[in-house]
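Subject: Structure for your review

Dear colleague,

Please find the structure below, together with its sequence. I would be grateful if you would read the notes that follow with the model open.

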Amino acid sequence: MNDTVAAHPVKASVSHLNFYYNTGFHALKNLNMDVLQHKVTSLIGPSGCGKSTFLRCFNRMHDLYPGNRYDGEIVLHPDNTNLLASGVDPIEVRMRIGMVFQKSNPFPKSIFENVAYGLRIRGENNRHVLQEKVEQALRDAAIWNEVKDRLDSLASNLSGGQQQRLCIARALATDPEIILFDEPTSALDPIATAGIEELIGELKEKVTILIVTHNMQQAARISDYTAYMYLGEIIEYGITDQVFMNPVQEATQNYITGRFG
């Protein structure tokens with residue numbers, strides 16, 4: 001990591017992170033990286049290099065499958081909570097670290113109840129509070145004006161791009177500190193993709209964003225920082241323009257220019 005990266009406030013510190021699937025496969029190997037506050041950081045690299053595996057460590061998604069194992073730390077600042085510590089509740093981690101998946105996954109509920117879901121899990125049942133939080137999340141996800149008159153309609157009636165923005169609103173509703181995006185536009189058309197990219201640029205004023213993308217043009221367009229991963233390791237991490245225009249590692253240069261492999 002270069003000095004320019006280190007100069008910004010840090011939201012999460014990844015230290016000596018290793019991850020082992022329950023098959024024994026060593027998927028992530030001694031990762032060290034700072035995720036910077038109110039910035040968009042992209043993870044790029046070939047399929048199977050560990051990008052999504054790394055992303056899902058931040059909100060303990062791997063806990064859903066017995067036998068998976070983390071070593072090392074992901075420390076969330078400013079309270080210095082190690083998200084991977086055994087005494088830390090994964091449900092609370094997922095409130096602080098939201099996630100938006102590759103394919104939009106609205107629940108078979110109304111638009112309103114989709115967004116209110118995390119708040120209800122947290123024990124919030126005050127109707128006035130729920131209405132305020134749901135409206136704000138939908139506004140922040142730039143979909144309020146499209147759905148405000150049909151909040152009781154099924155979320156599945158929305159278009160693909162609208163469903164993805166609804167999922168972003170659902171993630172925003174619990175006031176997360178970081179939002180993880182796992183290839184959030186891969187199933188969308190170019191117009192919906194542009195809308196989500198624009199939204200991500202606006203959201204970084206409120207939250208820190210970590211995104212996995214196979215689209216290097218997308219990474220170049222929307223991210224402030226980029227990490228290139230290969231075979232479970234971070235090969236290079238720095239300011240996006242530098243990584244793309246003047247990479248330090250030859251392996252990064254080969255991947256970005258298409259000479260990889």
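Predicted model: local features only at pLDDT ≥ 70, side-chain atom pairs only at ≥ 80, totals over all residues.

Six strands form an open sheet in the order E6-E7-E8-E3-E9-E10, and their pairing is mixed. Strand E6 (97-100) and strand E10 (233-239) are the edge strands; each has a single partner strand, so one side of each lacks a neighbour in the sheet. On average, neighbouring strands are turned by 20 degrees against each other, direction ignored.

Within this sheet, strand E7 (residues 178-182) pairs with strand E8 (residues 208-212) in the parallel sense, over five bridges. Leu-180 has Leu-210 in E8 as its bridge partner. Helix H7 packs on the sheet and touches E6 and E7, and its direction makes about 170 degrees with that of E6. Helix H8 (residues 190-203) also packs on the sheet. The strands touched by H8 are E3 (40-44), E7 and E8, and the direction of H8 makes about 145 degrees with that of E8.

Helix H7 and its partners

How do H7 and H8 lie relative to each other? Their axes are 9 Å apart and the helices pack at an angle of about 20 degrees. H7 and H8 are therefore roughly parallel to each other, and their crossing is right-handed. From H7, the contact draws on Gly-161, Gln-164, Arg-165, Ile-168 and Leu-172; from H8, it draws on Ala-192, Ile-196, Leu-199 and Leu-203. By class, six residues of this contact are nonpolar, two are polar and one is charged.

H7 (residues 160-172) also meets helix H5 (residues 127-140): the axes come within 8 Å and cross at roughly 130 degrees. That angle makes H5 oblique to H7. The crossing of H5 with H7 is right-handed. Ala-137, Leu-138 and Asp-140 of H5 are in contact with Leu-166, Ala-169 and Leu-172 of H7. The residues of this contact comprise five nonpolar, no polar and one charged.

Arg-165

Apart from neighbours within four places in sequence, Arg-165 is in contact with Ala-141, Ala-142, Ile-143, Glu-146, Ile-196 and Leu-199.

Helix H4

Helix H4 (residues 111-121) has Ile-111, Phe-112, Asn-114, Val-115, Ala-116, Gly-118 and Leu-119 as its buried residues. These buried residues pack against helix H3 (90-96), H5, helix H6 (144-147) and H7. Just after H4, Gly-123 adopts a positive phi of about 100 degrees.

Ala-220

Ala-220 belongs to helix H9 (residues 216-222). With a relative accessible area of 37%, Ala-220 is partly exposed. Leaving aside neighbours within four places in sequence, Ala-220 is in contact with Thr-240 and Phe-244. Between Ala-220 and His-77 there are 143 residues in sequence and 27 Å in space, taken from C-alpha to C-alpha.

With kind regards

Notes:
Residues numbered from 1 in each chain as written. Heavy atoms only, no water. Axes fitted to C-alpha atoms, helices over the stretch in contact; angles between N-to-C directions. Helix = DSSP H or I, 4+ residues; strand = E, 2+ residues; numbered from the N terminus. Parallel < 35°, antiparallel > 145°, perpendicular 65-115°, else oblique. Left-handed = near helix turned anticlockwise from the far one by under 90°. Contact = heavy atoms within 4.5 Å. Nonpolar A, V, L, I, M, F, W, Y, C, P; charged D, E, K, R; others polar. Buried < 20%, exposed > 50% of the residue type's maximum accessible area, 1.4 Å probe, protein only. Pairing = 2+ DSSP bridges.
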